[in-house]
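This briefing goes through one protein model by topic. The sequence and structure come first, and the notes follow.

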Amino acid sequence: MAKQEIKKSCCRMCGMLCGIDVNVEDGRVTEINGNKAFRANRGRICIKGSSGVTQLYNPERLTKPLKRTENGFVEIEMEQAMDEIAEKLQSLQADYGTESVGVWKGEGIGFAQQEGLARRFIHGIQSPNYFSNDTQCFAGRYIAYNMVFGTWPCADLRNTNLAVMWGTNPPASHSYWTQDINDARDKGAKLIVIDTIYTEMARLADLYIQVKPGTDSILAWGLIKQLIDQKMVDNEFVSKFTKGYDELEAYAQTYTPEYVQEKTGVTPEQMAAVIQHYRQAGKKIANWCGTGLEHQANGVNNVRSVGYIDALIGAVDVPGGMMTVEGFGARSLEIDIEPSLMSKAIGREQFPILYGMRGECHTLLLMDQILSGKPYPFKGLVMTAADPVLTNANTGKVEEALKALDLLVVKDLYLTETAKLADYVLPAASYLERSELQYNGINQTVMLTEKVVDLGHQSEYELFKGLADRMGIAELFPWENEDELNAWLIEPTEMSLAELASHRDGYQFKPLTYEKIHRALERGEKPFNTPSGLIEFTSGHLEAIGMEPLAKFQDAPEYLGVEPDEYPLVLMTGARKVMYFHGRYRNLPQLEKVMPKAQVEMHPADADRFGLNHGEKARVISAYGAIDIHVRVMSAKEIVPGAVQITHGFKNANVNYLVGDGITDPISGFPALKSVPVRIEKIIN
Ligand SMILES: Nc1nc2c(c(=O)[nH]1)N[C@H]1C(S)=C(S)[C@@H](COP(=O)(O)OP(=O)(O)OC[C@H]3O[C@@H](n4cnc5c(=O)[nH]c(N)nc54)[C@H](O)[C@@H]3O)O[C@H]1N2
Ligand SMILES: Nc1nc2c(c(=O)[nH]1)N[C@H]1C(S)=C(S)[C@@H](COP(=O)(O)OP(=O)(O)OC[C@H]3O[C@@H](n4cnc5c(=O)[nH]c(N)nc54)[C@H](O)[C@@H]3O)O[C@H]1N2
Ligand code: SF4
Ligand SMILES: [Mo]
């Protein structure tokens, strides 16, 4: 009889961390199912989640370290690879300064302790240069919300009366949120979707609003003017809890319905319908912004202006609105670094708010610095769980820069496009081969995942500890194994590892509470963690660095600097598809079959205009590069005319060759991944 067990973990085929039951037979994983007792996903998983088995045993997985030689890659032992990498890092630091090397953690490994280990290591060896995928993801929204609220409030979707989904398509990108929204709708809630594409989520909506790319802030300001004109502002809340209302009111006056229609394509009637929904929902309104707003040259201010709506209505810290969540109180792996070294962090000077709030260096600026050697040489990079050749803006420059490094180490499950450029490639353990703490912010739960199997692959903990031991900072990584590390992390919570392990369905460390800001005010405390202690329409952070403090709309084309005649279409990139995750999973047959080819999605009128037919190949060209790709002609309702969409992550039609790194948000430095001027041409054979 085969020995059967069910082990409990969190899925990390995407970032949702659904609770999973992993079926193990005689030490081999045979099946992955949803954990019904897990608060977030309640038993549901998506097609990526169940494909975790195929990924675990994928024959393409790396098993041995690779070293680049004159004759290509050769396999070497892990000890040798680690010795050589540590030695090279030390010699680069000796020759060019301790700041000449960095680490880069990608989305593949997530946040929490894995991010902490990377930060601890690089700061431990006296370099300020920690990079991640977040300078194209999440950090833009993080700083936007933190500027307004001093925190990033979560949308209380399950209890809401009105979910407003701005530039986000949960059925593809955040699967169980769809269920949360549907549960709320069963209780009478309404759903508004604001998107350039008639998405899966839009098809479910009570009201679908199609906007022109990059114009959401204009719509938000139009709605703000309506809320003011129609006396829907919660004056008591605003006077108690906010700063800068007079400036906001004065600026909003420009945004008449006619002006909004001209710029966004949204009609006065549609705006009136949104306002009517807001009026009916009371304060149980959850406005949620996705990357459709963030990946824009006006990204931070797009998100801030939507946050203003929450504040004006008073839908903050109330059930069904935007709720503020609390942490578990576990230790941080962060360590301090000397201020003189910190000041050298790449991107700190150009994007001080991003650096100040996230301690995050800037990946776009890194490429320039590698190539120019200015303001100081950057020579060595240890990268884990990232594939920037497929995912960073301006692939041409990324390839050139990564090739110019004296040392590039890439740790991954597979020999990715980025790994192919490396000097050393290290095989990585996957989520089923680690035990780690995984958090779910919205539900205030923590889960200690089980190491389901041991296939002998190196984890990030082993990577950074191994390098630290060899580079003279062993005392910073004193834990003998992941269990010891996990125990140390949770020590301040007074919960032992064994106790946490007995909650394998996730442990809710605090019940969700509301109205905390009112109680803080009563105690004489500042209700919000902003410079003024209030919700800031005019940001103290921006005032301090002499930038415009109100989230005024900055029209992207003004600083695009390209001729509209030459590039008449706007390219949006990266709309999520449920079976893929950025560059991943084209090597899992059951997922790849669903969408084998990259496609440029377009409006039938645009297809006619450029003489293109569905299914044929066309060339898409920007100021940065060109790719050949299959045409997908959508129906007239499905996509905004004048715009095309290409999902990233396909190595044979890599859209990031087209995306520039020059058009960036002035506050976050984010590239305008979803507003790239392009033209499209028929390929004549
Ligand atoms: N399956 C899958 N899931 C993922 C990922 C993945 O790669 N695959 N990636 C994960 C990561 S790291 C992230 S950051 C999240 C991102 O999560 P989301 O931001 O929710 O991503 P999408 O679901 O693609 O939603 C973006 C939407 O913005 C729309 N859009 C584009 N331009 C505009 C615009 O100017 N205005 C408006 N209003 N809409 C616009 C697109 O049509 C698309 O529907 O997804 C995560 N989940
Ligand atoms: N044009 C365009 N580009 C985009 C976006 C867009 O919308 N448009 N979205 C951006 C966003 S939001 C993000 S977050 C970035 C993400 O960009 P990246 O950080 O590059 O993320 P992924 O491609 O998801 O994963 C990187 C690698 O992690 C590996 N991996 C998976 N699991 C593990 C593991 O357990 N350990 C290790 N060591 N490796 C593992 C995978 O094999 C994969 O090669 O892409 C950005 N790029
Ligand atoms: S949504 Fe799918 S891939 Fe993401 S964590 Fe849940 S099951 Fe895994
Ligand atoms: Mo992301």
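A residue is called buried under 20% relative accessible area, exposed over 50%, and partly exposed in between. By that rule Pro319, with a relative accessible area of 31%, is partly exposed. The model is a predicted one.

**Cavities and ligand 3**

- The model has four cavities of 30 Å³ or more.
- About 60 Å³ of space lies in the largest cavity, and the space taken by ligand 3 is this largest cavity.
- Around ligand 3 are Cys11, Met13, Cys14, Met16, Leu17, Cys18, Ile45, Cys46, Lys48, Gly49 and Ser175.
- By class, the shell around ligand 3 divides into eight nonpolar residues, two polar and one charged.
- Cys11, Met13, Cys14, Met16, Leu17 and Cys18 are among the residues that line the largest cavity; the lining also includes Ile45, Cys46, Lys48, Gly49 and Ser175.
- The lining of the largest cavity has eight nonpolar, two polar and one charged residues.
- Lys counts as charged and Gly as polar in this division, whereas Cys, Met, Leu and Ile count as nonpolar.

**Salt bridges**

- The structure holds 46 salt bridges.
- One of them joins the side chains of Lys8 and Asp21, at 3.0 Å from N to O. Lys8 belongs to strand β1 (residues 4-10) and Asp21 to strand β2 (residues 19-25), so the pair ties together parts that are 13 residues apart in sequence. Asp21 is buried, with a relative accessible area of 15%.
- Arg141 and Glu294 also meet through their side chains in a salt bridge, again with a distance of 3.0 Å from N to O. This pair links distant parts of the chain, with Arg141 in helix α5 (residues 139-149) and Glu294 in helix α14 (residues 291-294), 153 residues apart. Arg141 is buried at a relative accessible area of 8%, and Glu294 is buried at 2%.
- Within helix α10 (residues 235-241), Lys240 and Glu236 are four residues apart, so about one helical turn separates them. Their side chains form a salt bridge of 3.8 Å, N to O. The cut-off for such a contact is 4 Å. Lys240 is partly exposed at 38% relative accessibility, while Glu236 is exposed at 55%.
- A network of salt bridges links Glu115, Arg119, Asp134, Glu334, Arg358 and Glu360.

**The loop between α18 and β15**

- Gly373 is found in the loop between α18 (363-372) and β15 (380-384).
- With 26% relative accessibility, Gly373 counts as partly exposed.
- From Gly373 to Ala419 there are 46 residues in sequence and 23 Å in space, C-alpha to C-alpha.
- Pro375 also has its place in the loop between α18 and β15. The peptide bond from Lys374 to Pro375 is cis, with omega near 0°.

**Residues with positive phi**

- Gln126 has a phi near 65°, a positive value in a residue other than glycine. Its place is in the loop between α4 (112-124) and β7 (130-132), and at 34% relative accessibility Gln126 counts as partly exposed.
- Asn394, likewise a residue other than glycine, has a positive phi, near 60°. The loop between α19 (388-391) and α20 (395-404) holds Asn394, and this residue is buried, with a relative accessible area of 8%.

**Pro319 and Asn159**

- Pro319 lies in the loop between α15 (299-313) and β14 (322-323).
- Pro319 and Asn159 are 160 residues apart in sequence and 6.2 Å apart in space, C-alpha to C-alpha.

Definitions and conventions
Residues are numbered from 1 along each chain as its sequence is written. Chains are lettered from A and ligands numbered from 1 in the order in which they are written. This is a predicted model: local features need pLDDT of at least 70, side-chain atom pairs count only at pLDDT 80 or more; totals for chains, interfaces and linings use all residues. Side-chain values use heavy atoms; hydrogens and water are left out. Helices (H or I, at least four residues) and strands (E, at least two) are DSSP runs, numbered from the N terminus. Buried means under 20% relative accessible area, exposed over 50%, partly exposed in between (1.4 Å probe, protein chains only). A residue is near a molecule or strand if one of its heavy atoms lies within 4 Å of it. On a 1 Å grid over the protein atoms alone, a cavity is a set of points where a 1.4 Å probe fits but cannot get out, and a pocket is an open set with protein on both sides within 12 Å along at least five of seven lines; lining residues have an atom within 4 Å of a point. A molecule sits in a cavity or pocket if more than half of its atoms lie within 2 Å of its grid points. Grid points are joined across faces, edges and corners, and a volume is the space filled by probe spheres set on the points.
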